[in-house]
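This report walks through one protein chain, from overall layout to individual residues. Please keep the sequence and the model open while reading.

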Amino acid sequence: MSTTSKKGRELDEDKIYDLLLGMRTADVMTVHFKDGRVIRGALIFNQYKGTGRLINIEKEVSIDFDIDEVRDLRS
């Protein structure tokens with residue numbers, strides 16, 4: 001069974017959840033959102049609420065997100 005959908009490189013929500021849990025300790029990661037945004041930064045992930053925050057210190061940007069907004073992740 002494939003974890004990607006017919007929309008290309010979009011992962012299913014369970015796979016994204018597992019990747020977010022595994023990447024919680026990564027210094028920097030890149031998140032690709034379904035709306036086309038690509039944000040790179042440190043991750044804070046609340047596994048119970050299914051929400052997270054990416055913090056890019058260099059650009060002084062902080063983005064809050066829900067797991068259903070995420071298309072793909074890279075460390």
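## Negative patch and helix α1

Helix α1 supplies the largest share of the negative patch, three residues. The patch sits on the surface and gathers D12, E13, D14, D18, D66 and D68. A patch is built from residues with over 30% relative accessible area and no salt bridge, with like charges joined within 9 Å. Asp and Glu count as negative, Lys and Arg as positive; His and the chain ends are not counted. Each charge is placed at NZ of Lys, CZ of Arg, CG of Asp or CD of Glu.

D18 is found in helix α1. L21 also belongs to α1, which covers residues 13–22. L21 is partly exposed, at 25% relative accessible area. The scale runs as follows: buried is under 20% relative accessible area, exposed is over 50%, and partly exposed is in between (1.4 Å probe, protein chains only). Apart from neighbours within four places in sequence, L21 is in contact with F45 and Q47; contact means heavy atoms within 4.5 Å.

## Basis of the model

This is a predicted model: local features need pLDDT of at least 70, side-chain atom pairs count only at pLDDT 80 or more, and totals for chains, interfaces and linings use all residues. Residues are numbered from 1 along each chain as its sequence is written, and side-chain values use heavy atoms, with hydrogens and water left out.

## Overall layout

The chain has one helix and five strands. Read along the sequence, the order is α-β-β-β-β-β. These elements are DSSP runs numbered from the N terminus: helices are H or I with at least four residues, strands are E with at least two.

The chain holds 75 residues, and 32% of them count as buried. Its accessible surface is about 5,100 Å², with 49% belonging to carbon and sulfur atoms. Areas come from the Shrake-Rupley method with a 1.4 Å probe; for residues, only the protein chains shown count as cover. Among contacts with a separation of 6 or more, 44% join residues 24 or more positions apart.

## Salt bridges

Side chains of opposite charge can pair when their charged atoms come close. How many salt bridges does a search of the whole structure find? It finds four. The criterion is a side-chain nitrogen of Lys or Arg within 4 Å of a carboxyl oxygen of Asp or Glu.

E69 and R37 form one of them, at 3.6 Å from N to O. This pair links distant parts of the chain, 32 residues apart: E69 is in the loop between β4 (61–66) and β5 (70–74), and R37 is in the loop between β1 (29–33) and β2 (38–46). E69 is partly exposed at 28%. R37 is partly exposed as well, at 29%. A network of salt bridges links D35, R37 and E69.

D64 and R53 pair at 2.6 Å, N to O. This pair also links distant parts of the chain: D64 is in strand β4 and R53 in strand β3 (residues 51–56), 11 residues apart. R53 is partly exposed, with 35% relative accessibility. D72 and R74 meet at 3.3 Å, N to O. Is D72 buried or exposed? D72 is buried because its relative accessible area is 2%. R74, at 40%, counts as partly exposed.

I39 is found in strand β2. At 17% relative accessible area, I39 is buried. Not counting residues up to four places away in sequence, I39 touches M29, T30, V31, F33, L54 and I63. The C-alpha atoms of I39 and M29 are separated by 8.3 Å, and the two residues are 10 apart along the chain.

H32 is found in strand β1. H32 counts as buried, at 18% relative accessibility. Beyond its neighbours within four places in sequence, H32 is in contact with R37, V38, V70, R71, D72 and R74. Among these, R37 also takes part in the salt bridge with E69, while D72 and R74 form a bridge with each other.

## Loop residue E60

E60 lies in the loop between β3 and β4. Its phi is near 55°, a positive value in a residue other than glycine. E60 counts as exposed because its relative accessibility is 74%.

Definitions and conventions:
Patches are made of residues with over 30% relative accessible area and no salt bridge: like charges are joined within 9 Å, nonpolar side chains (Val, Leu, Ile, Met, Phe, Trp, Tyr) within 5 Å.
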